[in-house]
Amino acid sequence: MALQVLCGCVMLLLLLGPQVPLASAARHPALWPLPMSVHLSEDLLHLTRESFEITHGPNSTAGPRCFLLEEAFRRYHEYIFGYFMSPDDHLKFSGEAQLQELHVTITSADSECDAYPNSTSDESYKLVVHWPVAVLEARKVWGALRGLETFSQLVYKDPYGVYVINESEVIDAPRFGYRGVLIDTSRHFLPLKTILTTLDAMAFNKLNVLHWHIVDDNSFPYQSMAFPDLSKKGAYSYAHIYSQMDISIVIEHARLRGIRVIPEFDTPGHTESWGKGQKDLLTPCYQGSEKTNSFGPVNPILNTTYEFMSRFFKEISRVFPEEYIHLGGDEVDFDCWESNPFVTEFMKERSFGKDYRKLESYYIQRLIDIISSTNKGYIVWQEVFDNGVKLKQDTIVEVWKDSFYRKELADVTAAGYAVVLAAPWYLDYITYGQDWKKYYAVEPLDFAGTKKQKDLVIGGTAALWGEYVDATNLTPRLWPRASAVAERLWSPKNVRNLDDAYDRLAEHRCRMVRRRIAAEPLYVGYCEL
Ligand SMILES: *[C@@H]1O[C@H](CO)[C@@H](O)[C@H](O)[C@H]1NC(C)=O
Ligand SMILES: *[C@@H]1O[C@H](CO)[C@@H](O)[C@H](O)[C@H]1NC(C)=O
Ligand SMILES: *[C@@H]1O[C@H](CO)[C@@H](O)[C@H](O)[C@H]1NC(C)=O
Ligand SMILES: *[C@@H]1O[C@H](CO)[C@@H](O)[C@H](O)[C@H]1NC(C)=O
């Protein structure tokens, strides 16, 4: 990635000529998402590209052997000053003192430098910008990453082109621990580069979960080691496959930015593409007593189905270090099951009557037992709860149906399950105008329930389904619309002022553009280069 960025710059350099420095900072500090507590003083310090350094604090439990931080220091130096060497020596510093260093101090004995982020990762930090050395303190590397982003957002350019920062103090921690973006690589394949760019932009917005809806009816791009035919026959083509190497690149790129990668393998519905490479996995549909040529959901009555799922998810649990796997479970179409005489017979034997939700329940329960045996947790779409599947108490339910989602939040939490909210944040729906305001206005805890229930809402997801999205339009459709969700999930509940948000978001969007994220404009205007 670093190489690609460099190559891009060299090309731009040739186009622009070396005399045009590419400025990277804004004209005023614009924090997004707004931290928990910020105090900016009127005292300015200046920084120069050549002498300013981000280093490990003397008392930090992490040192130069922490690759995650070393990489972050290098990245953020570039984000602050841009990619070009523009000599600062012609600039007139208007008497402010110079800030020489940012010391990053990890205070916990275990910095978690080599770990993967998870649901309990500590992202809190404290940032004190005073002459002569700014100090960023965090218990773990995850907080340091968030604090570096904040520091980079505080630096701006004065009217003479000098990089400056107000002396300041920031104390910060997220309101919700789960702050996700859903991408869909089945309806359209997304090249690796698009996914990595999405992770970059997520870090700029302090989002921390990539919900990777990797396969669906339309294509199966995941290259399985145990079942290579799944992608060989189920992907759009050989060029539309994620190899094990691709997957590990995504996971590591995400880890270095404090982002979890939660894979979703949605069953028993949404599985048409699975059937191409795995014989007898799907239910054959019937017309009367005749088999048709079409197939329905996963066939829940065969032992081979569970043998397959067991091997498949064992592999998935090893490939993804993440503690949770998303099992889908949404929109199961019962018609095909109903048409199949063997399924009918199976239902009768088990006294399920005509209630196909019981059959779905039977399937999901067996699947959950399989996942549990791999020591992973699981997330399911709301129908699994709605259909009365018996769930383990540590199940996470993702609420996606837009109508009555507040009632659903109340019901799911009343039953004691943790919830991720996606319903009001389906970013694949687009409308004229500033729809980010609608996403911004959502209050996730605005439902009838006790404090105990509210505590079960662990966060939310901005979902960008892929029917009308591929590499050409994913980035501008996602940003800065997902930024609105990011602030709602990170910042304190009372951060809701739309005018203030507009000013900060417009600048944040320009900052993303300067960092090579093709984020769309909020409204009329322009970006300072
Ligand atoms: C930062 O410092 C400048 C110079 O004193 C001051 O004009 C500005 O208001 C300060 N910014 C904030 C947000 O306080
Ligand atoms: C580092 O720790 C020592 C011993 O606890 C303390 O005296 C010193 O002030 C600390 N330095 C910094 C920069 O925090
Ligand atoms: C999260 O990661 C930390 C550091 O690796 C680990 O100590 C902790 O047990 C993990 N928590 C869970 C719930 O897996
Ligand atoms: C499926 O497995 C069950 C339990 O292991 C066994 O009793 C049953 O005979 C098997 N069915 C078939 C068709 O093999």
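This is a predicted model: local features need pLDDT of at least 70, side-chain atom pairs count only at pLDDT 80 or more; totals for chains, interfaces and linings use all residues.
Colleague: What makes α2 roughly parallel to α3?

Modeller: The axes of helix α2 (residues 67–81) and helix α3 (residues 141–154) cross at roughly 10° and come within 10 Å. Angles under 35 degrees count as roughly parallel, and therefore α2 is described as roughly parallel to α3.

Colleague: Which residues make that contact, and how do they divide by class?

Modeller: From α2 the contact takes Leu68, Leu69, Ala72, Phe73, Arg75, Tyr76 and Ile80, while α3 brings Val141, Trp142, Ala144, Leu145, Leu148, Glu149, Phe151 and Ser152. Divided by class, the residues of the contact of α2 with α3 are 12 nonpolar, 1 polar and 2 charged. Arg and Glu count as charged, and the contact includes Arg75 of α2 and Glu149 of α3.

Colleague: Which residues of α10 and α11 meet, and what classes do they belong to?

Modeller: In α10 they are Val343, Thr344, Phe346 and Met347, which meet Tyr356, Leu359 and Tyr362 in α11. The contact of α10 with α11 has 6 nonpolar residues, 1 polar residue and no charged residues. Tyr counts as nonpolar in this scheme, and Tyr356 and Tyr362 of α11 are among the residues that meet α10.

Colleague: Which strands close into the barrel, and in what sense do they pair?

Modeller: The barrel has 8 strands, closing in the order β9-β10-β11-β14-β15-β16-β17-β18, and their pairing is parallel. From one strand to the next, the twist averages 30°.

Colleague: How do you know that β15 and β16 pair?

Modeller: Two strands pair if at least two bridges are found between them. Strand β15 (residues 377–381) and strand β16 (residues 396–399) have 3 bridges, in the parallel sense, so by that cut-off they are a pair. As one example of a bridge, Ile379 has Ile396 in β16 as its partner.

Colleague: Which helix lies across β9 and β10?

Modeller: That is helix α4 (residues 192–204), which lies across β9 (178–184) and β10 (209–213) and runs at about 150° to β10.

Colleague: What is the omega of the peptide bond from Trp131 to Pro132, and where does Pro132 lie?

Modeller: Omega is near 5° for this bond, which is cis, and Pro132 lies in the loop between β5 (125–129) and β6 (133–138). A cis peptide bond also joins Trp32 and Pro33, with omega about -10°, and Pro33 is in the loop between α1 (2–16) and β1 (37–47).

Colleague: What is the phi of Glu112, and where does Glu112 lie?

Modeller: Glu112 is not a glycine, yet its phi is positive, at about 65°, and Glu112 lies in the loop between β4 (101–106) and β5. His270, which is not a glycine either, has a positive phi of about 55°, and His270 lies in the loop between β11 (260–267) and α7 (272–277).

Colleague: Which residues lie nearest the centre of the second largest pocket, and what classes make up its lining?

Modeller: Trp400, Tyr426, Asp428, Tyr429 and Trp465 lie nearest the centre, out of 23 lining residues. By class the lining has 10 nonpolar, 2 polar and 11 charged residues, and the space in this pocket is about 460 Å³.

Note on methods:
Residues are numbered from 1 along each chain as its sequence is written. Chains are lettered from A and ligands numbered from 1 in the order in which they are written. Side-chain values use heavy atoms; hydrogens and water are left out. On a 1 Å grid over the protein atoms alone, a cavity is a set of points where a 1.4 Å probe fits but cannot get out, and a pocket is an open set with protein on both sides within 12 Å along at least five of seven lines; lining residues have an atom within 4 Å of a point. Grid points are joined across faces, edges and corners, and a volume is the space filled by probe spheres set on the points. Helices (H or I, at least four residues) and strands (E, at least two) are DSSP runs, numbered from the N terminus. Axes are lines fitted to C-alpha atoms, for helices over the stretch in contact, and angles run from 0 to 180 degrees between N-to-C directions. Contact means heavy atoms within 4.5 Å. Angles under 35 degrees count as roughly parallel, over 145 as roughly antiparallel, 65 to 115 as roughly perpendicular and the rest as oblique.
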